[in-house]
Amino acid sequence: MADFGGEATEGFRAEVKRWLKDHFPPALKGGSLLQYMEGPSPRNSDVKAWIAAMGETGWGVPTWPKALGGGGLSKEEARVLAQEMNAVGAWNPIGGMGVMMFGPTLLEYGNETQKQTHIPPIARSEIRWCQGFSEPGAGSDLASLQTKCEDKGDHWLVNGSKIWTSGAQWADWCFCLVRTDTSKKHEGISFLLIDMKSPGVEVKPIRLISGNSPFCETFFTDVKVPKENLVGPLGGGWTIAKRLLQHERAGLAGGGGSMGRGGLFAAPMHQLAKEYVEADEGGRIADDDLRSRITGHEIEARAFQLTAIRSLVESRSNQGPSSATSIMKNAGSRIAQERAELTLEVLGAQGLGWEGEGFNADELAAVRGWLGGKAYSIYGGSAEIQNNIISKRILGLPDPLGSSSH
Amino acid sequence: MAVLTEEQSLLRDAARTWTQEKSPVSAFRKVRNSGVALGYDQAAFAEMAEMGWTGVIIPEEYGGSDFGWLSLGLILEETGRTLTASPILSSSVAAGAIVLAGTDAQKQHWLTKLASGEVVGALAVDEGPHHNPAKVALKAEKAGAGWKLTGKKTFVLEGPAAGLLVVSAKTDGGVSLFLVPGDAKGVAKHALKLADSRGAANIDFDGVEVGADALLGEEGKGGPLLDKILDRARAALAAEMLGSALQAFETTLDYLKTRVQFGQVIGSFQALQHRAAKMFTDLELSRSCVEAALTAIDNDGAEVSELVSLAKAKMGDTLHLVSNEMVQMHGGIGMTDEHDAGLYLKRARAQETAFGGQAFHRDRYARLQGF
Amino acid sequence: MADLAEFRAEARAWLEANFPPSLRGQSEANAEIIPGGEKPSGDALIWKQRLAANGWGTPTWPKAYGGGGLSSAEARVLAEEMAAIGASNPMAGMGLSMLGPTLLEYGTEDQKQRHIPPIVHGEVRWCQGYSEPGAGSDLAALTTRCEDAGDHWKINGQKIWTSGAQYADWCFCLVRTDTARKHEGISFVLIDMHQPGVEARPIRLIAGSSPFCETFFTDARAEKTDMVGPLNGGWGVGKRLLQHERSGQGGGRLMGGGKPLPEIAAAYVDADEPGAGDLRDRIVAQAVDARAHTLTMKRAAEESRGNQNPSAATSVMKNSGTKIGQDKAELTLEIMGARGLGWEGEVFADEELTAVRAWLFGKATTIFGGSAEIQNNIISKRILGLPDPLGGAKGNG
């Protein structure tokens, strides 16, 4: 990738190189945030030191304002930082929902006090956030949420329950969509920040078909929330939520999502097939039918990969965002799920293990991955919702008469 | 859509304007109804040649513009949209064969005429109902300094119009390619009346004598060369298929937005919306493959064959779906000959079959990947 | 049962004596499912007259109108015996399968006296005036206007997909007699096709020529005595007629014999050619679907114990059967490769040209007679009990 910086940027580059040499623990080389963050706070002392170092410079959130604990870098400088980190196998230990979604949203919609209070701890990875959006009765139709928020004069009183709150059991704070007006649907929603240590907050982890998960149910019973924790205007929560979800989607798209370890860009399906399925005299997978289906899948995966590249290139050009971006989540989910199914088929009886003897780690991971992967077409905007978005926003097809649209 | 250079954008815009204004689907319908064996309108083809479309992959010294295969693909996407009947694809492929492996003399003799549209070129490779280029029975025997060709070729696209036939034959050393004039003695063309009304012919070669200068490339080493030529044909055809599929989809989408039943526009029914979303998704995925294949050809990349089979297979499946959905979603009127849906459906099956169908290319993709 | 055995013997003997030998082994030739322009002559005419004289062209219709007066069981036995000797029913057509039964249920005595005997004798051809360009799946949206002109009805409008209209003598037609109400503004009238105000134009399909027509009514006349059922009560009559149509079709039987796909493939596909295995896998998948369908038809017949009334289960079978038929047609074309792209000419074998036309015409099976989408709506709502969306966009008639 071309670097368009001038002398100043080169000076910065040299500075970054030196800093990394001094502060990035070599033992962490080539790792990732996911490795250390799937659960409670990391205990590894190298990671803790690395977090502290990045927190001090604010380079974990490079383009956030310096005054709020961010790196205060320009886009070019941020790119240089990324390049240099990449070059030495360094990775960003400052992450989570605070960084990906909530922080950027608060920077746009929060008042000064809220920004001063909440942004610096995010920049230093000292506070973890969870998302209180979905409810048992409000999934795809999120705006029908019911968690009630009443004005008690000097505080808010919150009652209700949230579901799919990822990481709630370890979170310090929750950004939450609550109902402040029952007479209006979208305009009756507000955006509230809730301290998870408040009395009345209860968290229950949810076990999935794939086993343990970071997802939780979160219950609010007469939880008192300070008035100043309302972000944006009363009844303005839906707009803020939409913006936040945009940040979420941009974040997912950038990293290719978390769709399965080994994902779409890992070794092609057929290599696994050759390990588990007999080959004929010509060295080809002996099962015709399986081979055709693996080929069909690999063609889809390749087409998807080429489309990811194409949409990136097109979006960067003057033509504006590519029409291809709208299909990515659905296509990506479907292909990942197909791969998981084919993997199980290829593994045969070795693809039926839950745990223990007789199965290696990869085989067990394949089963868990297959199960967990069923979620790709459900969360973050289900496949049906994605189809609705494509139909209505891209293709311009209308809503049925008499329907409530938004 | 790939990010185009300004040159390419202009070419595409010109192609779009011309096909929409001068060669809409009704023009093809006229060609069809005229029943002419050629299968295209010669006046329209002359205009295309004048605009330089016949020379897009031919070097400038022979009167071409040498814009490359992606550029040809841009034009074919537009002609595909309106089902424009023309031998541009076929001629370009024949010209491409000579550009790849022709001697200077062969280039001098043929390329200028192909670039100007004076001669139409065609690939004569198939010998049965299924594309299987490795299997060649037509023989070429040494006859003095030259060769004598005996055998049959089937379903030669643009066969009736072809003044140049690029023929695959079996020689002692293996497979060889020959440049045979369409009117050579012993060449007997039998025009076919196909469902898609395009020009094609079965061609008999009854002891056709050609000179030594008719051999294209090396004797017995024609296999890899033929593969390269066919890959260009497949990629170009995939671009035309993309255009047809896109227009079929857009016409159907318009219908969904205008047809009223049960008091509302049928496009408001979610079941139809989701089917439309699926087609849209498949079209975007297909476009990526087609553009990657054409670009790889222009860049002479290592993965050309893989990307070409990828594109032909994926595009074929998408076109198959969209062409069927066009009829189904239009309901009864989609079944009438008056409506365009039947034209897209028939053309689609012919395009899927030419130069190897989806099954052929899935198999080839797997082989190239080593499984 | 003894009666039935007796009847069988009687029918067999009668057929032996009366079915002209020259017509035996030509059942295709005298089947008149799609009315053609020619009227029968010679032995075919004799056969028709003899069958009609017994009323056996319309076997279960009352003797009072010339029908055979047979029970359903006897009619089934007669059909079996006719099939065994290779005789088909020259009275076949819309009069027999659709209008006749409907008239027998809803018609006045006068209407039955005037219209039933000509059907019994095969003297009149009927066509169906239902669909319109703006009323396909939503048939009740029809607009062909029927106005009271004092001593007769005046009809103005246009019908489409009127099969055989160019040869028909009469048309049974759904018309609008009240523009203020949708379903309750429809009436059922019988219109004489031989009048200046009626024009039938054949429609060419993607598969070539077809029996379907557009039919235009310009100040056409229908007699006051030719309205079946009450004024504005035609929708119910029309729907009942469609039920007769669908039970007559034997709901969902797989269409068209033709050779099994593997047999066709043996002639066109080399086992070792690229893609052969892939094709075989899909042929197998289609065969599995077809077998499952046939077994289901059998099971459904056993479970309903011969009760012929079409139910929502018919929708399942129609969708399943039409998909299987279309898949077979697509696979046939793929098997034939480039030889499956011919339109006409000696270069192509008859089997090949037929395959192409059948492939094209087969696209209609998921559209006509209740489209696949409508069938899905019926399955969703009537079998699965899923509700209509709010605002009541009712997606089926």
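Predicted model: local features only at pLDDT ≥ 70, side-chain atom pairs only at ≥ 80, totals over all residues.

Residues are numbered from 1 along each chain as its sequence is written, while chains are lettered from A and ligands numbered from 1 in the order in which they are written.

**Domains**
- Chain A splits into domain 1 (7–93), domain 2 (129–242) and domain 3 (256–394), with bounds from an automatic or database domain assignment.
- The C-alpha centres of domain 1 and domain 2 of chain A are 32 Å apart.
- Chain C has domain 1 (2–92), domain 2 (126–244) and domain 3 (250–383).
- In chain C, 32 Å lies between the C-alpha centres of domain 2 and domain 3.
- Each of these two domains of chain C puts six residues into their contact; residues are in contact if their C-beta atoms, placed from the backbone, lie within 7 Å.

**Helix α8 of chain B**
- Helices here are DSSP runs (H or I, at least four residues) and strands are E runs of at least two, numbered from the N terminus.
- α8(B) covers residues 270–299, and its 30 residues reach 43 Å from first C-alpha to last, close to the expected 44 Å (1.5 Å times one less than the number of residues).
- Of those 30 residues, 22 are buried, meaning 20 or more other C-beta atoms, placed from the backbone, lie within 10 Å of the residue's own.

**Where B meets C**
- Chain B brings 37 residues to this contact and chain C brings 39.
- Elements giving two or more residues on the chain B side include β3 (146–157), α9 (304–330) and α11 (341–353).
- β7(B) and β9(C) (residues 342–344) run antiparallel and are joined by two bridges; strands pair if DSSP finds at least two bridges between them.
- Over in β9(C), C:E344 is the bridge partner of B:K193.

**Nonpolar cores**
- A nonpolar core is a set of buried Ala, Val, Leu, Ile, Met, Phe, Trp, Tyr and Cys residues joined through C-beta atoms within 7 Å.
- The largest core has 238 residues, and B:L149, B:V166, B:F178, B:A293 and C:I191 touch the most other members.
- Helix α7 of chain B (residues 222–258) gives this core its largest share, 17 residues.
- Another core, of 54 residues, lies apart from it, with A:L73 and A:W156 among them.

Notes
Buried ≥ 20, exposed ≤ 12 C-beta atoms within 10 Å, placed from the backbone.
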